[in-house]
Amino acid sequence: MGTEAPGLTERRAGREMISKGRVIGVAFGLFALICLVFTYDYSRGRNTQTDSPLISDVLAGTRSNECGRDATDVAARYFPPGLEQAEAERILATVAIAPPKAWFWTPVIENATTWTGTTLEALHTIKTTAFGNQLLRLHLTFADGKLHRLAAEVVCRFD
């Protein structure tokens, strides 16, 4: 039965193993590259880009891995007691971030202002990632057109 030279079948089997090994290696490399790209895209937004000094100070002055943390001390630097209502609204209008330009997910930016009597509640996105948002919630109470009371906290929303 042997028209083949001795050892030829072993060499063919060896070539098939090498080519299967290469295919597995290339497939693993592509998988790793795809994982790297998706991880990079998901992590976009973790370094917030903003021109707002309030957001910069809140992110620098508080720990970014805690939800429900108090940011009143930081916000009080920008909203001191006795601040005119119009000036407070002007400062709130400048609170914004530049959303990341991610291709795999769509950033959600929430900015809302609600008046309830003499209390202004403002909610502004300060950080957004594919896993959720961090928002700065400000409660400003005015008396006679001047800031009377302030409360601020950073809250997280996971979508």
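**Sheet, core and surface patch in the predicted model**

The model is a predicted one, in which local features need pLDDT of at least 70, side-chain atom pairs count only at pLDDT 80 or more, and totals for chains, interfaces and linings use all residues. Residues are numbered from 1 along each chain as its sequence is written, and side-chain values use heavy atoms, with hydrogens and water left out. Helices (H or I, at least four residues) and strands (E, at least two) are DSSP runs, numbered from the N terminus.

The sheet is open. Five strands form it in the order S1-S5-S4-S3-S2, with antiparallel pairing; two strands pair if DSSP finds at least two bridges between them. Strand S1 (69-70) and S2 stand at the edges, each with a single partner strand, so one side of each lacks a neighbour in the sheet. Strands of a sheet pair through backbone hydrogen bonds, either parallel or antiparallel.

Strand S3 (residues 119-129) has nine of its 11 residues buried (under 20% relative accessible area; exposed is over 50%, partly exposed in between; 1.4 Å probe, protein chains only). The strand is therefore largely enclosed by the rest of the structure. S3 and strand S4 (residues 132-143) pair in the antiparallel sense over 10 bridges. A hairpin through two residues joins S3 to S4. Leu123 stands opposite Arg137 in S4. Towards strand S2 (residues 111-116), S3 is joined by six bridges, and these two strands run antiparallel. Asn111 has His124 in S3 as its bridge partner. The hairpin of S2 and S3 has two residues between the strands, and Gly117 takes a positive phi near 65° there.

The largest nonpolar core has 24 residues. Such a core is a set of buried Ala, Val, Leu, Ile, Met, Phe, Trp, Tyr and Cys residues joined through side-chain atoms within 4.5 Å. Val58, Phe79, Leu92, Leu136, Leu138 and Leu140 have the most contacts inside this core. The elements giving two or more residues to the core are helix H2 (53-61), helix H3 (72-76), H4, S3, S4 and strand S5 (146-157). Beyond its neighbours within four places in sequence, Val58 is in contact (heavy atoms within 4.5 Å) with Ala71, Val74, Ile126, Leu136 and Val154. In soluble globular proteins, nonpolar side chains tend to be buried together.

Ala88 lies in helix H4 (residues 85-93). The residue is buried, with a relative accessible area of 0%. Ala88 touches Phe79, Leu83 and Phe142, not counting residues up to four places away in sequence. Its C-alpha atom is separated by 8.1 Å from that of Leu147, 59 residues apart along the chain.

Trp103 lies in the loop between H4 and S2. In contrast to Ala88, which is buried, Trp103 is exposed, with a relative accessible area of 55%. Trp103 touches Val37, Phe38 and Asp41, with residues up to four places away in sequence not counted. Trp103 and Asp41 are 62 residues apart in sequence and 7.1 Å apart in space, C-alpha to C-alpha.

A nonpolar surface patch is formed by Val26, Leu30, Leu33, Leu36, Val37, Trp103 and Phe104, with about 710 Å² of accessible area together. Patches are made of residues with over 30% relative accessible area and no salt bridge; like charges are joined within 9 Å and nonpolar side chains (Val, Leu, Ile, Met, Phe, Trp, Tyr) within 5 Å. A salt bridge is a side-chain nitrogen of Lys or Arg within 4 Å of a carboxyl oxygen of Asp or Glu. Leu36 lies in helix H1 (residues 8-43) and counts as exposed at 57% relative accessibility.

Terms used. Areas by Shrake-Rupley, 256 points an atom, 1.4 Å probe, with all protein chains shown as cover.
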